[in-house]
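Subject: Structure for you

Hi,

Here is the structure we talked about. Please load it first, then read the notes below.

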Amino acid sequence: MRTQVAIVGAGPAGLMLSHLLHRSGIDSVVVERRSREYVEQRVRAGVLEQGTVDLLRELGVSEGLDREGLVHRGIELLFDGTAHRIPMSDLTGGRAITIYGQQHVVRDLTEARLAAGGQIYFEADDVAVSGVDTAAPRVTFTVDGRREELLCDIVAGCDGFHGVCRDVLPGSGRHLLEREYPFGWLGILAAVPPSADELIYGHHERGFALASLRSPTISRLYLQVDPHEDLANWSDRRIWDELATRLAHDRWTLAEGPILEKSITPMRSFVCEPMRHGRLFLAGDAAHIVPPTGAKGLNLAVHDVYVLAEAVADWYRTGSDTPFDTYSARCLRRVWRVQHFSWWMTSMLHRFPGHDAFEQRLQRSQLEYVVGSPAAATTLAENYVGLPWS
Ligand code: APR
Ligand code: PHB
């Protein structure tokens, strides 16, 4: 088999890239380890920046998003029992975020790609990438017991944090920068209408909590927990009680309902520099991870593949290597802005084991400043809705 761009991974990054390339008349094949059902049902984040929404519309993949996406123009920061609204749209010239589950983005992108004749291999085992130092890279994998070989010009490593592509970059030229946080998030999906109109980010002495949603009938909520916490210790009763305690304030009562899904995710910040080696380009979670407090993971992945699709199209058009040589630096500028924002939100809102009274006072002062100063609130708002793409 031959294609122009071999894409490893059918998450938001890989699928979006395949669409963008198709729009420029460039052929690609996507190779995914999991089944289609698994990928489309995996519950992940659900906050889309304005730029992500605009791009999905431009690509003609926004029918579900336009029907079911919920536009949000503000968020609430809750501390000391009082909620303070950050009017994001007012502070950013009308920009907003849209709530739409990542698995729905993946479902819509997959459907549209297959309908347009795109090729996606699901349940591909033993995916291996080679020859990226040459002009003839290849991706090999096994489907239905058959070994397949995909010859290509370019490999896009869109295979997430646990993928194989990042390890193809030689250790000597690769720099991994990382922070682990001393906590994780226990997330639930519950069949109950959201108790508030906007997302509530709650700072509490027992730990951070977040009230989000997926639809008018489905709530999504999170609790800060120990990263090694056993889910078995968290009965539904305990989860609801803890959420009610941490999110208590004067303007709402938390409504409870059946819990449909629960999981615990560790929190980390991670960047692999550079994001390219030869003909291999990393994009999305394969290259970087942000803690979910800023709701940025998917949006950052979309920015990477937008830059990559442009670079690939320029390379085919001009034959010059310049677009390839600048790919990593162009992506990393935004990656580090988003890393900082996500780290800052995480630091401001969580309870850090080991922090003393001095650090707790600093945290409180930061929260008071953000909700009290229009300049500080604008800093949060413009990063949250997404800074313009350069
Ligand atoms: N071969 C083929 N596919 C693989 C391999 C492999 N060896 N390893 C992983 N994959 C697949 C995964 O099954 C997954 O479907 O690559 C895909 C990567 O998708 P994501 O993890 O969703 O990463 P990405 O597309 O970069 O999207 C970033 O996802 O994790 C969230 O918070 C993150 O919202 C952000 C978004
Ligand atoms: C979510 O709805 O899953 C969500 C919302 C906001 C975040 C993280 C996750 O910061």
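Two strands count as paired if DSSP finds at least two bridges between them. On to what was found. The model is predicted.

Start with strand β1, residues 5-8. It has a partner in strand β2 (residues 28-31): the two run parallel and are joined by 4 bridges. Within that pairing, V5 bridges to S28 of β2. Helix α1 (residues 12-23) lies on the chain's way from β1 to β2. This β-α-β crossover is right-handed.

β1 also pairs with strand β12, residues 154-157. Again the strands are parallel, with 4 bridges. Here I7 has A156 as its bridge partner in β12.

Now the side chains of β1. V5 and I7 point one way, A6 and V8 the other. Are they buried or exposed? All four residues, V5, A6, I7 and V8, are buried. As background, side chains in a regular strand alternate between the two faces of the sheet.

Next, a separate item: an open sheet of 3 strands. Its order is β9-β10-β11, and the pairing is antiparallel. β9 (125-130) and β11 (146-151) are the edge strands, each pairing on one side only. On average, neighbouring strands in this sheet are turned by 15° against each other, direction ignored.

Which residue of β10 stands opposite D125? T142 does. β9 pairs with β10 (residues 138-143) over 4 bridges, in the antiparallel sense.

Best regards

Terms used
Residues are numbered from 1 along each chain as its sequence is written. Chains are lettered from A and ligands numbered from 1 in the order in which they are written. This is a predicted model: local features need pLDDT of at least 70, side-chain atom pairs count only at pLDDT 80 or more; totals for chains, interfaces and linings use all residues. Side-chain values use heavy atoms; hydrogens and water are left out. Axes are lines fitted to C-alpha atoms, for helices over the stretch in contact, and angles run from 0 to 180 degrees between N-to-C directions. Buried means under 20% relative accessible area, exposed over 50%, partly exposed in between (1.4 Å probe, protein chains only). A crossover is right-handed if, with the strands pointing away from the viewer, the path from the first strand over the helix to the second runs clockwise.
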